[in-house]
Amino acid sequence: MKHVEDAMAAVTFAEEGQADAAVALFKRERRVLLALKAGRTDARTFRYAMNASLRIQAGLDILYVASPGNEQQGEPLLDGFTAELKTAGIPYQVIERSGCMKQEIIDYTKVKHDVLFVVVESPGSLDADCKKKDGVLTELWKNLKCPLVVVSDAAGA
């Protein structure tokens, strides 16, 4: 419905000779989702997501997932990351959740349709604090609505 409304508004602007306004209605916001598990933040994964956001001119959503009961545990590395994002001029937001990272990623991408892809540190962190143990990526691959990028130590070697 939103697309139809945007199209109708764009037609109205175009008919009135305001082509720039019409084109602006079709520019969707583009986001990269960086999913971090509390206590397992990795500078390499952050750099990958930050550089990808810069290259494709997209905002960065940081999904920070804590273990149940450890929601208030701070992450000093995350503060450093956000300072770098401010310096680089990348629009970002930090979303704090607790529980199963895999499920939080699926839930977030179902609601946010402007996420181009998800960046995670390792497949092992996806199943941490999950109740089902049916395979690391099986459910995520079936339900994820965008590509998943896994940044691991082996990739840097």
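User: In β4, what is the bridge partner of V32?

Analyst: Quick heads-up: this is a predicted model, where local features need pLDDT of at least 70, side-chain atom pairs count only at pLDDT 80 or more, and totals for chains, interfaces and linings use all residues. Residues are numbered from 1 along each chain as its sequence is written, and side-chain values use heavy atoms, leaving out hydrogens and water. Strand β1 (residues 31–37) runs parallel to β4 over five bridges; strands pair if DSSP finds at least two bridges between them. Within β4, the partner of V32 is F117.

User: How many helices and strands does the chain have?

Analyst: Helices here are DSSP runs of H or I with at least four residues and strands are runs of E with at least two, numbered from the N terminus. Starting at that end, the elements go α-α-β-α-β-α-β-α-β-α-α-β-α. The tally is eight helices and five strands.

User: Over how many bridges do β4 and β5 pair?

Analyst: Strand β5 covers residues 148–150. The pairing is parallel, and the bridges number three.

User: Which strands stand at the edges of the sheet?

Analyst: The sheet is open and its pairing is parallel, with the order β3-β2-β1-β4-β5. Each edge strand has a single partner, so one side of it is left without a neighbour in the sheet. Those edge strands are β3 (92–98) and β5.

User: And which residue in β2 stands opposite L33?

Analyst: β1 and β2 (residues 59–66) pair in the parallel sense over seven bridges. A35 is set opposite L63 in β2. For L33, the residue opposite is D61.

User: What angle does the direction of α5 make with that of β1?

Analyst: α5 packs on the sheet and touches β1, β2, β3 and β4, a contact being heavy atoms within 4.5 Å. Axes are lines fitted to C-alpha atoms (for helices, over the stretch in contact), and angles run from 0 to 180 degrees between N-to-C directions. On that scale, the angle between α5 and β1 is about 160°.

User: How many residues of β1 are buried?

Analyst: Buried means under 20% relative accessible area, exposed means over 50%, and partly exposed is in between, with a 1.4 Å probe and protein chains only. In a regular strand the side chains alternate between the two faces of the sheet. Here R31, L33, A35 and K37 point one way and V32, L34 and L36 the other, and all are buried. β1 is therefore largely enclosed by the rest of the structure, its buried count being seven of seven.

User: At what angle do the axes of α3 and α4 cross?

Analyst: Two packed helices are described by the angle between their axes and the distance between the axes. The axes of α3 (residues 43–56) and α4 (residues 76–88) come within 11 Å. They count as roughly parallel (under 35 degrees; over 145 is roughly antiparallel, 65 to 115 roughly perpendicular, the rest oblique). The crossing angle is roughly 20°.

User: Is F46 buried or exposed?

Analyst: F46 lies in helix α3. Leaving aside residues up to four places away in sequence, F46 touches L34, F81, E84 and L85. With a relative accessible area of 0%, F46 is buried.

User: What is the phi of Q57?

Analyst: Most residues other than glycine have a negative phi. Q57 sits in the loop between α3 and β2, and is exposed, with a relative accessible area of 72%. Although Q57 is not a glycine, its phi is positive, at about 55°.

User: How far apart in space are H113 and K145, C-alpha to C-alpha?

Analyst: H113 is in the loop between α5 (101–111) and β4, and counts as exposed at 60% relative accessibility. In sequence, H113 and K145 are 32 residues apart. In space, the C-alpha separation is 8.2 Å.
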